[in-house]
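Here is a friendly walk through a few local features of one protein model. Please keep the structure open as you read.

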Amino acid sequence: MKIGFIGLGNMGAPMALNLLKAGHVLNVFDLNSESVQTLVRAGATATVSPGVAVTGVECVITMLPAAAHVKSVLTGEDGVLGAVPEGVFIIDCSTIDPATVKAMAQAAEAHGSVFVDAPVSGGTGGAMAGTLTFMVGASAAAFEKVRPLLQVMGKNIVHCGETSTGQVAKICNNLVLGITMAGVSEAMALGEALGIDANVLAGIINTSTGRCWSSDTYNPFPGVLDSAPSSRGYTGGFGTDLMLKDLGLATDAAKFARQPAYLGALSQQLYQTLSARGEGRLDFSAVINLYRREQPVAQQS
Ligand code: NAD
């Protein structure tokens with residue numbers, strides 16, 4: 001299938017590589033020329049704008065930082081909607097707010113295309129391994145059409161309901177993630193201050209009731225897990241500013257629904273503090289730096 005892929009960052013690049021490996025033909029676009037060149041070396045065609053990237057394609061995939069980027073890539077000058085062929089599915093895998101999804105779905109419909117929200121979980125490791133979970137908001141018919149393509153990049157492809165429910169699922173999941181990462185950080189730093197070995201403590205937590213993804217797969221304490229960003233100076237992974245954005249989406253949605261979000265609001269302030277210290281581009285597990293007495297050397301990517 002000929003696909004226009006826009007947004008080749010930490011997540012988009014490995015997702016696009018998996019599509020190429022599966023034999024799909026890709027037009028790619030990103031503002032960062034280095035990311036584009038990585039994909040070109042793997043067989044993709046570089047393009048000069050979102051509009052050119054989607055000319056003549058059978059499907060469009062976007063993987064961008066936030067709602068403003070999705071809006072500008074779709075509706076801006078030389079954007080997707082002005083050039084995409086009729087009937088084509090535009091699958092947005094970015095994490096954005098449900099209201100923007102609905103606005104983009106309407107705009108796409110007016111241009112004869114179909115917008116599907118399909119945010120992901122599984123991190124950069126899942127993107128590389130092709131094992132992401134996709135949370136899809138779409139009609140049942142649209143879901144069946146896009147499912148085979150998503151299966152190339154993911155393991156669990158879940159139909160959450162109508163348009164924008166994929167984002168609802170994603171926002172709720174990341175609310176849990178932001179809170180649990182702060183909780184594990186608090187506990188690991190307390191353990192360090194009280195003199196227990198970090199590996200011993202992590203081992204106990206991971207075989208006890210405190211176990212969670214933030215402790216057993218992505219532990220924030222350096223050296224506990226070689227594969228976690230904490231063991232490489234908090235580079236790569238899921239940026240603090242992206243987590244801050246997602247907690248903002250959750251607290252905004254809670255305000256709209258008149259639902260309390262006590263822990264969401266508190267953890268949002270933790271990531272906000274980290275970002276204000278100039279560490280917003282570090283992986284979000286660097287939140288442990290707010291707790292540790294001797295700051296590890298943090299490298300900005
Ligand atoms: P990223 O910042 O690494 O990549 C975003 C890419 O979009 C960059 O390469 C950037 O140059 C490009 N871009 C920005 N504006 C653009 C524009 N106008 N036109 C073309 N390209 C543009 O972000 P990421 O980590 O890949 O995350 C992407 C999305 O996926 C975010 O919404 C994030 O919340 C979500 N997400 C990330 C992770 C993760 O672990 N990193 C996990 C799940 C979901």
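## About the model

This is a predicted model, in which local features need pLDDT of at least 70, side-chain atom pairs count only at pLDDT 80 or more, and totals for chains, interfaces and linings use all residues. Residues are numbered from 1 along each chain as its sequence is written, and side-chain values use heavy atoms, leaving out hydrogens and water.

## Helices α8 and α12

Helices α8 (residues 165–194) and α12 (residues 262–279) pack at about 65°, their axes 9 Å apart. Helices here are DSSP runs of H or I with at least four residues, and strands are E runs of at least two, numbered from the N terminus. Axes are lines fitted to C-alpha atoms over the stretch in contact, with angles from 0 to 180 degrees between N-to-C directions.

On the α8 side, the contact (heavy atoms within 4.5 Å) includes Leu-175 and Ile-179, and on the α12 side Leu-263 and Tyr-271 are among the residues involved.

## Cysteines

There are zero disulfides (pairs of cysteine sulfur atoms within 2.5 Å) in the structure. For Cys-160, the nearest cysteine sulfur is that of Cys-172, 10 Å away, which is too far for a bond. Cys-160 is partly exposed at 31% relative accessible area; buried means under 20%, exposed over 50%, and partly exposed in between, with a 1.4 Å probe and protein chains only.

## Positive phi angles

Most residues other than glycine have a negative phi. Tyr-234 has a positive phi near 60°; this residue sits in the loop between α10 (213–216) and α11 (240–257) and is buried, at 2% relative accessible area. Asp-78, with a positive phi near 55°, lies in the loop between α4 (67–75) and β5 (89–92) and is partly exposed at 45%.
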